[in-house]
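Biologist: Thanks for sitting down with me. Could we go through this protein together, one question at a time?

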Amino acid sequence: MTERPLPAITPETQHFWEGTRAGELRLQKCAACDHVYFPPRPFCPQCASSDVSVFRASGRATLHSYVIHHRLVPGFVPPYSIAVVELEEGPRMMTNIVEVPQTPEELRLDMPLEVVFQRINDEIFLPLFRPAGRAA
């Protein structure tokens with residue numbers, strides 16, 4: 001099977017990927033307007049301030065939306081979910097839901113989730129989500 005396409009680490013996203021390697025989901029917060037945001041960028045998308053800081057997020061989320069993909073795509077084993085989760089801190093993130101059957105009966109909107117990290121290589125640990133309270 002072909003490997004999954006991987007993100008490029010850039011200066012703007014380096015803190016995020018360092019966090020995932022450490023088992024942390026890191027977000028940014030604007031000091032000027034208190035907006036918490038994702039994806040990473042050097043300025044606030046709400047007010048354009050560059051006075052932003054990085055913090056460790058809770059890793060908790062709820063399932064906002066998803067589709068179950070059944071076609072073979074390089075790097076993925078179908079069926080798998082392509083999901084948008086709403087992080088406890090507010091931002092939404094595109095991800096995959098894991099450790100649960102990929103069916104509408106099991107993937108319920110607003111279900112509580114928690115982050116888990118899938119090691120791809122020494123640099124990339126992908127943040128995925130599973131139903132909250134499940135042991136690894």
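This is a predicted model: local features need pLDDT of at least 70, side-chain atom pairs count only at pLDDT 80 or more; totals for chains, interfaces and linings use all residues.

Biologist: Let's turn to the aromatic rings. Why is the pair of Phe 16 and Trp 17 called edge-to-face?

Modeller: A search of the whole structure finds three aromatic pairs. In the pair of Phe 16 and Trp 17, the ring centres are 4.9 Å apart. Planes over 60 degrees apart count as edge-to-face. The planes of Phe 16 and Trp 17 pass that mark, so the pair is edge-to-face, at 85 degrees.

Biologist: What kind of aromatic pair do Phe 16 and Phe 38 form?

Modeller: Their rings are 5.3 Å centre to centre, with 50 degrees between the planes. Phe 16 sits in helix H1 and Phe 38 in the loop between E2 and E3, 22 residues apart, and the pair links these distant parts of the chain. Phe 16, Trp 17 and Phe 38 form one aromatic cluster. The kind of pair that Phe 16 and Phe 38 form is tilted.

Biologist: Are Phe 16 and Trp 17 buried or exposed, and at what values?

Modeller: Again the limit for buried is under 20%. Phe 16 has 3% relative accessibility and so counts as buried. Trp 17 is buried as well, with a relative accessible area of 8%.

Biologist: Which strands do the buried residues of H1 pack against?

Modeller: Helix H1 spans residues 14-21, and His 15, Phe 16, Trp 17, Gly 19 and Thr 20 are buried in it. The strands that the buried residues of H1 pack against are E1 (26-30), E3 (52-56), E6, E7 and E8.

Biologist: Which residues does Glu 123 contact beyond its neighbours in sequence?

Modeller: Glu 123 lies in the loop between strand E7 (112-119) and E8, and at 47% relative accessibility Glu 123 counts as partly exposed. The C-alpha atoms of Glu 123 and Arg 21 are separated by 7.1 Å, although the two are 102 residues apart along the chain. Leaving aside neighbours within four places in sequence, the contacts of Glu 123 are Ile 9, Trp 17 and Arg 21.

Biologist: What about Ser 50: which residues does Ser 50 touch?

Modeller: Ser 50 is found in the loop between strand E2 (36-37) and E3. With a relative accessible area of 60%, Ser 50 is exposed. Not counting residues up to four places away in sequence, Ser 50 touches Pro 42 and Phe 43.

Biologist: Now for the pockets. Which strand supplies the largest share of the lining of the largest pocket?

Modeller: The largest pocket has a volume of about 260 Å³. Its lining includes Arg 4, Trp 17, Ile 82 and Asn 96, and the lining residues divide into eight nonpolar, two polar and one charged. Strands E6 (92-95) and E8 (125-131) each supply at least two residues. The largest share, three residues, comes from E8.

Biologist: Last one: which residues lie nearest the centre of the second largest pocket?

Modeller: About 200 Å³ of space lies in the second largest pocket. Its lining residues divide into eight nonpolar, five polar and one charged. Of the 14 residues that line the second largest pocket, those nearest its centre are Arg 4, Phe 76, Tyr 80, Asn 96 and Val 98.

Technical notes
Residues are numbered from 1 along each chain as its sequence is written. Side-chain values use heavy atoms; hydrogens and water are left out. On a 1 Å grid over the protein atoms alone, a cavity is a set of points where a 1.4 Å probe fits but cannot get out, and a pocket is an open set with protein on both sides within 12 Å along at least five of seven lines; lining residues have an atom within 4 Å of a point. Grid points are joined across faces, edges and corners, and a volume is the space filled by probe spheres set on the points. Helices (H or I, at least four residues) and strands (E, at least two) are DSSP runs, numbered from the N terminus. Ala, Val, Leu, Ile, Met, Phe, Trp, Tyr, Cys and Pro count as nonpolar, Asp, Glu, Lys and Arg as charged, and the others, Gly among them, as polar. Buried means under 20% relative accessible area, exposed over 50%, partly exposed in between (1.4 Å probe, protein chains only). Contact means heavy atoms within 4.5 Å. Rings of Phe, Tyr and Trp (its six-membered ring) pair if their centres lie within 6.5 Å; planes under 30 degrees apart count as stacked, over 60 as edge-to-face and the rest as tilted.
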